[in-house]
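Let's take a walk through this model, helix by helix.

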Amino acid sequence: MGDRLKGKNAVVTGGGGGIGREVVLALAREGANVVVNDVGGSVAGTGISQTAADRVVDEAKKMGVQAIANYDSIVDFKASERLIDTCVKTFGRIDILVNVAGILRDRMIFNMSEEEWDAVLDVHLKGTFNCSRWACVHMRRQRWGRIINTASDAWRGTVGHCNYGAAKGGIVSLTYAIAREMGRYGVTCNTIVPIAATRMTMSEETKAGFKKRLEAGLITQDRYEELTDIPGPEFVPPVAVYLASDHGANINGSAFGCGGGRVALYSEPVEVRGIYKDYKKNGAWSLDELINLVPKTLLVGYTNPAPPEPEEKKAAGG
Ligand SMILES: NC(=O)c1ccc[n+]([C@@H]2O[C@H](COP(=O)([O-])OP(=O)(O)OC[C@H]3O[C@@H](n4cnc5c(N)ncnc54)[C@H](O)[C@@H]3O)[C@@H](O)[C@H]2O)c1
């Protein structure tokens, strides 16, 4: 037991299982009181149960901190307000919010239903907005706060779950925005980009999906092995706890990869190269100018991440 978060109060969404559970226990281990939020549903976000959150509350209490459960869905704007208020009313204030809750509805874009798109965007992106929005009211007033979001490497481009990748990309952008809006009030906002073996990553369905992608040539054997041999969720929380502590006071608007023995800082998107013309005098770029200049300037060293299939494969219906 440490005491680096003693006297601090936290809300962890999706705290009833997987990475969220480990985050709750790691915060409690450092002395923080915790509201454990979880709907207790399936990976796809169906069903509800109180057992998951209750179990983690019991585990946290055994570490000598106060802990209570909340079973609301963070998709609901009003319920998210109640969740944050529960922390404030029970413990006196909210210092730390860790947005972890998430679901999956994997499908290629040409097969994805509107419902599959909405469900994933709602839990990840809207849920992160909802809880952050209400927490920021209190954090701004008290001029102290830590928000830690959960993105995914899928943010950088993925195959088979564009809803998830887009939601996670949105979370990174939301993180950048909250950091810039709230920094002046002593509130930091960062995101972790974890990798861990949980029911989300290691279900039979997910493993079968990786296998299909390997067989379709969409991922390499090395990537397949990387995806199917991953460390447990207990290796993810140290970075979140670090960011939540006093040592994280000046870390704001960053994305940290974590899992196993890895902690990594991601770059922010930057303009890598540009070509410029005096548009006020010479007007817009012409198509001919771009055809001539772009390959020689912007695209030097460029590789298409997903080039068209070779003719033989297309002809074979691959
Ligand atoms: N496991 C990984 O390798 C990995 C990689 C990148 C990102 N992530 C992200 O980490 C987070 C946790 O994932 P995990 O692997 O622990 O999966 P998990 O399924 O074990 O945990 C997700 C938890 O969120 C809860 N939840 C879902 N919808 C909710 C809602 N509307 N309101 C409240 N709770 C809700 C679930 O009940 C579950 O307990 C997710 O955001 C996921 O996208 C995980």
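To talk about packing we need axes: these are lines fitted to C-alpha atoms, for helices over the stretch in contact, and the angles run from 0 to 180 degrees between N-to-C directions. The helices themselves (H or I, at least four residues) are DSSP runs, numbered from the N terminus. What you're looking at is a predicted model, where local features need pLDDT of at least 70 and side-chain atom pairs count only at pLDDT 80 or more, while totals for chains, interfaces and linings use all residues. Residues are numbered from 1 along each chain as its sequence is written, and side-chain values use heavy atoms, leaving out hydrogens and water.

Let's begin with H4, residues 114-142. Its 29 residues should span 42 Å at 1.5 Å a residue, and the end C-alpha atoms are 40 Å apart, which agrees. (The expected span is 1.5 Å times one less than the number of residues.) Still, H4 bends by about 40° at aspartate 122, the bend being the angle between axes fitted to the seven residues ending there and the seven starting there. Just past H4, arginine 143 has a positive phi of about 55°.

Which way does H3 lie against H4? H3 (residues 77-91) packs on H4 at an angle of about 40°, with the axes 8 Å apart. The two are therefore oblique to each other; under 35 degrees counts as roughly parallel, over 145 as roughly antiparallel, 65 to 115 as roughly perpendicular, and the rest as oblique. Contact here means heavy atoms within 4.5 Å, and among the residues making it are Phe77, Leu83 and Val88 of H3 and Phe129, Trp134 and His138 of H4.

H4 also packs against H5 (residues 162-182), at about 15° and with axes 8 Å apart. That makes H4 roughly parallel to H5. The contact includes Trp117, Leu121 and Phe129 from H4, and Tyr164, Ile171 and Leu174 from H5.
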